[in-house]
Amino acid sequence: MYRIKGNRYYGYMCFAGKEEGGVFTAGDRKIAEMTARYIASALDRLDFLKKEIERERLEEQLNIARQIQANLLPRKTPEIGFIEADVFSQPAVQVGGDYYDFFVSQEKRFLTVVGDVAGKSVPAALLMSAVRSYLKVLVTTCPDLERLVNRLNIILCEDMTNDRFVTMVFIEISPDGTLNLINAGHNPVYFLHKGELVKIEASAIPIGITEWEYKKHTIRLRPNTFVISYSDGLTEARNEAGEEFGYEKLENILREFKGETPAELLETLRKNVKSFIGDAQQHDDMTIVVLKYKGQQEVE
């Protein structure tokens, strides 16, 4: 009896007697051993081929999923007179759990949403798609920001398991500069005006954990104020030494920024993060949304 064993155990060969009679010789044994090795090698190659086919099939499916997810996100920012906006979003793998969107109400209020689903890859992407679908409906039926967020939380609490949740920040800006903010367990939001930097931390738990009464925080923006929201893939970006980009570095970059447009600020952040990471692999999904309130203007 000879085991057929390559990268794994496949089975065995058993010989019960020679056709012409007699006993098995040392030469017969060598032939049997060589045959077993050949069979094991052929089965290894077949096993490898099957895994490669499966890997390529999975890769193709993930690429399709990535394209679908990319199409779910806004392809361009809304054109509205008092707001200028730009965005960068890149998953750590083919698909991710970061979410952003822009909405303009009939009253010409501008709403941007940035979210980060707990986890990565396909499970996070599926939950992100569900959050997007709910929000698309709620925006049209809940004109009040607090009502919208509380309703979204109720729905997600019913649908999500205990180990799943979404950190989200909702930023609503009116033409006169009134800004309503609800930060549900998300990263701090930064406000930058001529080198002066203000940070507003989260004041509520993430969406989808339990019942909660979400309240808005209202401030008045000065013209030419930048509003920066992002996912933790920015501040938790790691270099080859395992060091994180961190809030201090982010805040220093913002304070030193001298440009005029969201696109310039976004590019400054991207270049600094890329330089910091170096050749290290992207650790987490990264999304950055930069808004600029230009002041009250005629809105068509």
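Tyrosine 190 has isoleucine 228 of β11 as its bridge partner. The structure is a predicted model, in which local features need pLDDT of at least 70 and side-chain atom pairs count only at pLDDT 80 or more, while totals for chains, interfaces and linings use all residues. Residues are numbered from 1 along each chain as its sequence is written, and side-chain values use heavy atoms, with hydrogens and water left out. Helices (H or I, at least four residues) and strands (E, at least two) are DSSP runs, numbered from the N terminus.

Leucine 192 is likewise bridged to β11, with phenylalanine 226 as partner. Three bridges join strand β8 (residues 189-193) to β11, and the two run antiparallel; strands are taken to pair if DSSP finds at least two bridges between them. Strand β12 (residues 286-293) is also antiparallel to β11, and six bridges join them.

Strand β11 (residues 225-230) is mostly covered, six of its six residues being buried. Buried means under 20% relative accessible area, exposed over 50%, and partly exposed in between (1.4 Å probe, protein chains only). In a regular strand the side chains alternate between the two faces of the sheet. In β11, Thr225, Val227 and Ser229 point one way, Phe226, Ile228 and Tyr230 point the other way, and all are buried.

Aromatic pairs were assigned to rings of Phe, Tyr and Trp (its six-membered ring) with centres within 6.5 Å; planes under 30 degrees apart count as stacked, over 60 as edge-to-face and the rest as tilted. The count by this rule is six aromatic pairs. Phenylalanine 82 and tyrosine 293 form an edge-to-face pair, at 6.3 Å centre to centre and 65° between the planes. Phenylalanine 82 lies in the loop between α1 (26-72) and β3 (83-90) and tyrosine 293 in strand β12, so this pair ties together parts that are 211 residues apart in sequence. Both phenylalanine 82 and tyrosine 293 are buried.

Phenylalanine 226 and phenylalanine 257 are also paired edge-to-face, with 5.7 Å centre to centre and 85° between the planes. Because phenylalanine 226 lies in strand β11 and phenylalanine 257 in the loop between α5 (246-256) and α6 (262-277), the pair ties together parts that are 31 residues apart in sequence. Phenylalanine 226 counts as buried at 6% relative accessibility, as does phenylalanine 257 at 11%. Elsewhere, ring pairs link Tyr100, Phe102 and Phe110 into a cluster.

Lysine 199 lies over the face of tyrosine 247, at 5.9 Å from the ring centre; this assignment requires NZ of Lys or CZ of Arg within 6 Å of the ring centre and within 35 degrees of the ring normal.
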